[in-house]
Amino acid sequence: MARTVARVIVDALNALDVRQVFGVVGDALNPLTDAIRTTENLEWVGCRHEEAAAFAASAQSQLTGTLGVCMGTVGPGSVHLLNGLYDAAKSHAPVLVIAGQVPLAEIGSDYFQEVDNDALFADVAVFRATVTSPDQLPQMLETAVRHALGRKGVAVLTVPGDLGDRELTTDRPARFSLNTPVSRPDESAVHRAADILDRSERVTLLVGEGARAARQDVLTLADRLAAPMVLTLKAKAGFEGETNPFQVGQTGLIGNPAAAAALQDADTLLMLGADFPYRDWYPEGRTVIQVDTEATHIGRRVPVELGLVGDTGATVRDLLDRLTAAPAGSEGARDRSHLDKARERFDQWRTGQARLADPSHDKGLVGRIRSALDNRGHDIRPEALAAAVDRIAADDAVFTSDTGMATVWLSRFVEMRGERRLIGSYNLGSMANAMPQALGAQSLDRERQVVAFCGDGGLSMLLGDLMTLKTYRLPVKLVVFDNRRLGMVKLEQEQAGLPEFGTVLDNPDFAAVAEAMGITGIRVTDPAEVENAVRRAFRTPGPVLLDVLTNPDEIAVPAKPTVEQGWGFAVAKMKEVVRSHGEPSGD
């Protein structure tokens, strides 16, 4: 018996070992969701908003390295996918989208809900096509999947409403023949890189997510070069923990002074699988060697002396074979003072951060003075909340974080030790990503702990999909940093010397909202109760929302604070104080 278009697509997803498909049911998708309903080992996860579906599929792809799948029905349903798909594209996550369309004969007639999907997805997709005949399958589907996996991006297959239940004239199983190639740079370039590194006295590594699969080789290289290792945020998972004696944390606005100094003090910077985008944080006048699988990434952030295009692991192993034991002209082993100095600074910074995260900090003399300036309401310090989660969470937990201050606190106080993983909108920088990404992560493994660091602004933007967690009994732990603010925007305004404006959020009691949805809600207002509340949340079965009222005036000092930032902040605070004493809001 010949199969329908819907059955061919769903059978192929099953063969690709896809376990969940995320979306909102209806219209052109009905034949596809019915095929999913009758297929073992494939689950339809009905979300409340297609944006959440796209974030969930992207999270699964990032965690597994395989295909994530979401669906959007005709017109608005497909439009709603876009933000999550842009996040997938910028995160290089292979995602297949099945998008609905009006009946074939109505395309181009400005039919009800008609949207030109090929134009809609033109900027975000590495492949897009509309099925106009059942016999274009399974080849068109195979092409879409190969593009998504081969180019690590979004592929969109549009299915008109009257094609899903039509049968193929000639049918065959889909064949994907997938494999992952390993590329190496030119041998002469590796020799030149080894020669530069041999002659360098102070090497610093900037390590990105692209090096995660080569962890042990990168550690061996750091040891050989006596090089401190600065991590991008996405490289935290895989390179943090006591088993890495070279890492000194992150740079940038969420980073620390030790990492910034390690970059500044180096004479040679070696970038491994990193595409850190903030040019102001790169040191000037240094020799830079960059290793990346994408030739287009070489030199686009900082001028590069030498680019090595190839797999990070294979390239590092080739370098190790060619490096000498010590720089030319030196005696004995390589000098380790650059590494030791960076690690000492990093340890000092962490000690200071640990004091800030102590729940009793504000009771001491320094803490009382600090509270008088930035926490007169004695709200919970976000540092203390993040540190408590770090202590209590499992060593194989999956963390997601909303863009903004929630990511700052996770970056500084949650260590990605053990088998912990981390997902966030770290390239697109979208709001509202943490909860739907946690939804996707938890759907993969309902036994593994999944923790979402949610900002109050981000959570409320896609609040409806809390109900999806409840419906599918996904035991995600949502930690809400409830500072009643768009905290990062507030900080941006104040650093620019502007008074806070438009950032105040009139929040509900999120714990009560969760309870109304059938989810365990816990609200914390007392700093002394943070530890016990986190423990209770993590041991409670099912989804839990932990609503913690944190200090809205907490300051996240950058790794290299400037005089201009400090002066701008002081001016902004003066304006806020004046306004609070009666200055008209329009001045």
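The secondary structure of the chain comprises 23 helices and 17 strands in this predicted model. The C-alpha trace extends over about 75 × 65 × 50 Å along its principal axes. The radius of gyration is 26 Å, which agrees with the value near 25 Å that a compact globule of 587 residues would have. Buried residues account for 56% of the 587 residues. Of the contacts in the chain with a separation of 6 or more, 73% are between residues 24 or more positions apart.

Burial was examined in individual helices. In helix H17 (residues 434–444), ten of the eleven residues are buried, so the helix is largely enclosed by the rest of the structure. The buried residues of H17 are Ala434, Met435, Pro436, Gln437, Ala438, Leu439, Gly440, Ala441, Gln442 and Ser443. Met435, which is located in helix H17, has a relative accessibility of 2% and therefore counts as buried, the cut-off being under 20%. Beyond the residues up to four places away in sequence, Met435 touches Cys454, Leu459, Leu462, Asp465, Leu466, Leu469 and Leu478. One of these contacts, that with Asp465, links positions 30 residues apart in sequence, with a C-alpha to C-alpha distance of 8.1 Å between Met435 and Asp465.

In helix H5 (residues 82–90), the buried residues are Leu82, Gly84, Leu85, Asp87 and Ala88. An α-helix has 3.6 residues a turn, so residues three or four places apart point the same way. His92 follows H5 and has a positive phi, near 55 degrees.

Helix packing is illustrated by helix H9 (residues 215–225) and helix H12 (residues 312–322). The axes of H9 and H12 are 9 Å apart and meet at an angle of about 35 degrees, and the crossing is left-handed. On the H9 side the contact is made by Asp217, Val218, Thr220, Leu221 and Arg224, and on the H12 side by Gly313, Val316, Arg317 and Leu320. By class, the residues of this contact are four nonpolar, two polar and three charged.

The structure contains five aromatic pairs. One of them is formed by Phe276 and Tyr278, with a centre-to-centre distance of 5.3 Å and an angle of 70 degrees between the planes, in an edge-to-face arrangement. Phe276 has a relative accessibility of 10% and counts as buried. Ring pairs also join Phe276, Tyr278 and Tyr282 into a cluster.

A further pair is formed by Phe399 and Phe453. The ring centres of Phe399 and Phe453 are 6.1 Å apart and the planes lie at 70 degrees, so this pair is edge-to-face, an arrangement that requires an angle over 60 degrees. Phe399 belongs to strand S12 (residues 398–401) and Phe453 to strand S14 (residues 450–455), so the pair ties together parts that are 54 residues apart in sequence. Phe399 is buried, at 0% relative accessibility, and Phe453 is likewise buried, with a relative accessible area of 0%.

Several backbone features were found in loops. The peptide bond joining Leu137 and Pro138 is cis, with an omega of about 5 degrees. Pro138 is placed in the loop between strand S5 (125–130) and helix H7 (139–150). Beyond H7, Lys152 is located in the loop that leads from H7 to strand S6 (154–160). Lys152 is not a glycine, yet its phi is positive, at about 50 degrees. The relative accessibility of Lys152 is 46%, so the residue counts as partly exposed, a class that lies between the cut-offs of 20% and 50%.

Asp27, another residue other than glycine, also has a positive phi, near 50 degrees. The loop containing Asp27 lies between strand S1 (20–23) and helix H2 (30–37). With a relative accessibility of 47%, Asp27 counts as partly exposed.

How values were computed. Residues numbered from 1 in each chain as written. Predicted model: local features only at pLDDT ≥ 70, side-chain atom pairs only at ≥ 80, totals over all residues. Heavy atoms only, no water. Axes fitted to C-alpha atoms, helices over the stretch in contact; angles between N-to-C directions. Helix = DSSP H or I, 4+ residues; strand = E, 2+ residues; numbered from the N terminus. Left-handed = near helix turned anticlockwise from the far one by under 90°. Contact = heavy atoms within 4.5 Å. Nonpolar A, V, L, I, M, F, W, Y, C, P; charged D, E, K, R; others polar. Phe/Tyr/Trp six-rings, centres within 6.5 Å; stacked < 30°, edge-to-face > 60°. Buried < 20%, exposed > 50% of the residue type's maximum accessible area, 1.4 Å probe, protein only. Rg over C-alpha atoms; globule rule 2.2 N^0.38 Å.
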